[in-house]
Amino acid sequence: MVFFQVSSRQKILLAFLLGLLSPALSYAQLVFASSVDQGPSSVMAQRILIQAYKQLGVTLRFEALPNLRIVSMAEAGAVDGVDFRVTDTRLGDMKKIEMPVAYEELVVFSVNQYFTVSGYQSLQPYSIGYLTGARVFAGRLKGMRVDTAPSLESLFNKLQAGRTDIVVESRSSYCKARQLGLSRIRMLEPSLEKIVGYHWLSKRHGALIPRLDAVLKKMQQDDTIRKIQDETWKEFNAQCGA
């Protein structure tokens, strides 16, 4: 049997190489929570993140969950991050990455109510439905008559049945109403607002944050982010028949 002696210099070199490799091994795959209702905002965020993390040698897996489950799992540290959120509400130990990766255009849907939308105050006379856990609406609709639902299907079915006067959701959700055959539902104009969404990453992966920031900044500067967003909307509108 032959034994090899390792010199002190070789030991130092080996330790250095292992130190370089360990971050890549630790971050081989990350699991991010995403909304169970996969609209174009979710798709664009995931495409941007897949490309960005690939440059860092990290693969991603997205787990589709209801909104309330996303919040509870994020706060429990059960996932590595969230694909994107449109609110700044704290999520456990997670940190918001400052470069936006998605956006939503928020609109009003109605069956029997027709009026010109003029900000959230114009919704005051009506009962308003929105998705459970959608914190972006919780603050904006404070003091108004609201009724939440756990899914888009439930939300729009309640609207169609007259159990709420109006619904506030993303513009892309109109496609879901059409797929459900809810032909009486109409989208009112103009939109309430356009908001951007940010990726959230657990602080236990803090070493990745400055590297990810740099990659996303470069993708924004070379127009990659905008191109992915535009292509996602183009595909979505074609699929929806818009």
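## Strands that pair with E9

Met-94 stands opposite Ser-202 in strand E9, where strands are DSSP runs of at least two E residues and helices are runs of at least four H or I residues, each numbered from the N terminus. Strand E4 (residues 94-96) and E9 pair in the antiparallel sense over three bridges; two strands pair if DSSP finds at least two bridges between them. This is a predicted model, in which local features need pLDDT of at least 70 and side-chain atom pairs count only at pLDDT 80 or more, while totals for chains, interfaces and linings use all residues. Residues are numbered from 1 along each chain as its sequence is written, and side-chain values use heavy atoms, with hydrogens and water left out.

Strand E3 (residues 81-85) is also antiparallel to E9 and is joined to it by three bridges, with Val-82 opposite Trp-200. Between E5 and E9 there are eight bridges, again in the antiparallel sense. Here Glu-105 faces Lys-194 of E9.

## The nonpolar cores

A nonpolar core is a set of buried Ala, Val, Leu, Ile, Met, Phe, Trp, Tyr and Cys residues joined through side-chain atoms within 4.5 Å. Buried means under 20% relative accessible area, exposed over 50%, and partly exposed in between, for a 1.4 Å probe and protein chains only. The largest core has 32 residues, of which Val-108, Leu-123, Phe-137, Leu-141, Phe-156 and Val-168 touch the most other members. Elements that each supply at least two residues of this core include strand E5 (102-110), helix H5 (152-160) and strand E9 (186-202). Apart from it lies another core of 30 residues, among them Phe-84, Ile-97, Ile-228 and Trp-233.

Leaving aside residues up to four places away in sequence, Leu-141 touches Tyr-120, Leu-123, Ile-128, Tyr-130, Val-146 and Val-168, contact meaning heavy atoms within 4.5 Å.

## Ala-177 in helix H6

Ala-177 belongs to helix H6 (residues 174-179). Ala-177 is buried, because its relative accessible area is 1%. Its contacts, not counting residues up to four places away in sequence, are Phe-156, Leu-182 and Ile-185. The C-alpha atoms of Ala-177 and Glu-153 are separated by 7.6 Å, although these residues are 24 residues apart along the chain.

## Helices H7 and H8

Helix H7 (residues 209-221) and helix H8 (residues 224-240) pack at an angle of about 70°, with their axes 5 Å apart. The contact involves Leu-216, Met-219 and Gln-220 of H7 together with Thr-224, Ile-225 and Ile-228 of H8.

Methods. Axes fitted to C-alpha atoms, helices over the stretch in contact; angles between N-to-C directions.
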